[in-house]
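Please keep the model in view while going through the points.

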Amino acid sequence: MVGRISILFFVITLGLSNVRADERVLPLATLQKMGYRPFNSFPHYRGQRQVRSELPTGLKWPVQFVDAARNIAQNYVNFQQYGGDLPYYHKGCDLRSPPNSIVKAPVTGVLEGGYYSYTDNPDGSEIKHWIPWNGKTHSDPYFELAVVTPDGYRFEMHHVDSMNLPKETIQALNKGNVVVQEGTAIGTVIPWGRDYDHIHYNIFRQDGVIVNPEAYTVSPADHIAPKIQAVYGVRADGSVIEIINGGTVGPLQQIIVATTETRDNSIYVQTPPYIGIQFQTREMFAWDFRKVLLGPDAKWPDIRQVFVARFKTPNGKVLTTSGQYGQGLFLMRLPVPAARGPFVIAVSDTAGNTTKFSGVMQ
């Protein structure tokens with residue numbers, strides 16, 4: 001194995017001030033100078049426009065977890081923001097795995113590799129940029145191996161060690177368009193340090209929609225429902241009230257739920273993938289990300305509409321949405337339907353555990 005420069009040295013050497021904890025986001029002009037070009041998400045897409053309804057369930061993870069406490073550190077809908085960067089969705093799962101441990105192909109498909117970076121947008125979406133494999137390796141933690149299935153699903157493993165690839169992987173990448181079988185050892189986990197060695201794992205549908213890996217993979221045990229830390233209501237004049245479980249409130253424009261999610265034995269806190277409000281009269285609104293990252297209108301969910309970045313509670317305390325390295329608090333926004341009477345707020349995880357909060361709207 002060729003000696004690796006440390007991630008910190010890599011950052012300093014290139015002067016990349018916007019290197020996030022697990023993804024790199026830079027201005028477009030900078031990426032262009034570095035040789036990056038816009039990424040074609042589905043290079044093996046052959047013109048079929050029909051999207052397969054769903055992936056099969058019971059897929060295996062591409063890595064072995066460290067232990068029961070350190071497995072999935074961040075989920076795919078986690079709110080992320082580092083320094084002065086724009087907030088963005090995490091897009092995939094951080095899979096905690098021992099450094100230098102094996103990364104396997106999660107499905108059968110064409111193997112691809114390359115170096116990636118992003119530019120970001122105010123709505124929480126990101127534009128991927130790419131330097132495809134050219135037969136040469138260099139010490140860069142932002143290296144990706146991907147497996148693309150015949151029907152166009154793309155399974156991406158980020159932070160694979162490009163300096164320690166198996167010879168079979170190098171041969172496949174050099175040849176191009178080579179199919180690898182599910183379970184094939186294709187790489188190793190790059191040593192990241194800070195007790196956070198991991199693979200960032202994305203799944204994309206043929207049409208570019210981001211898929212929740214946990215919904216289709218055998219997940220670690222999870223019998224713990226998400227927590228509702230507090231619930232606040234915002235009136236038409238912008239004033240904020242705290243809502244008590246089972247209480248009665250006046251007309252509200254929106255509700256803000258301070259919430260977190262975790263799983264059995266895990267040390268990590270995440271964003272719940274489902275939150276909704278439903279009235280007894282059936283009016284409802286929900287952000288349902290348990291399978292795919294789409295809003296109720298089947299379009300990209302603007303992160304500014306899903307999360308409240310920061311607000312002041314009635315007692316003057318300032319709460320902030322924050323999530324990184326599997327820790328944080330998430331202030332999720334629910335527009336209130338034009339309805340009155342009893343209502344229930346539900347917060348759920350991918351495993352189906354649910355916490356409910358009730359009230360009456362006058």
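The numbered points below go from the whole chain to single residues.

1. Basis. This is a predicted model, in which local features need pLDDT of at least 70 and side-chain atom pairs count only at pLDDT 80 or more, while totals for chains, interfaces and linings use all residues. Residues are numbered from 1 along each chain as its sequence is written, and side-chain values use heavy atoms, with hydrogens and water left out.

2. Overall build. The protein has four helices and 26 strands (DSSP runs, numbered from the N terminus: helices are H or I with at least four residues, strands are E with at least two). Its radius of gyration is 21 Å, close to the 21 Å from the globule rule for 362 residues, so the protein is as compact as a globular protein of that length. That radius is taken over C-alpha atoms, and the rule is 2.2 Å times the number of residues to the power 0.38. The C-alpha trace spans about 65 × 40 × 40 Å along the principal axes.

3. Of the 362 residues, 55% are buried (under 20% relative accessible area; exposed is over 50%, partly exposed in between, with a 1.4 Å probe and protein chains only). Among contacts with a separation of 6 or more, 72% join residues 24 or more positions apart; contact means heavy atoms within 4.5 Å.

4. Five strands form an open sheet with mixed pairing, in the order 17-26-25-19-20. Strand 17 (248–249) and strand 20 (284–288) are the edge strands, each pairing on one side only. Two strands count as paired if DSSP finds at least two bridges between them. Strand 19 (residues 274–279) and strand 25 (residues 341–348) run antiparallel and are joined by six bridges. Gly 276 has Ala 346 of strand 25 as its bridge partner.

5. Glu 214. Is this residue, Glu 214, buried or exposed? Glu 214 is buried, at 8% relative accessible area, and lies in the loop between strand 14 (210–211) and strand 15 (227–234). Beyond neighbours within four places in sequence, its contacts include Trp 61, Cys 93, Arg 263 and Thr 350.

6. Pro 296. Pro 296 sits in the loop between strand 20 and helix 4 (303–306). With 56% relative accessibility, Pro 296 counts as exposed. Leaving out residues up to four places away in sequence, Pro 296 touches Phe 285, Ala 286 and Trp 287. Phe 285 is eleven residues from Pro 296 in sequence, and their C-alpha atoms are 8.0 Å apart.
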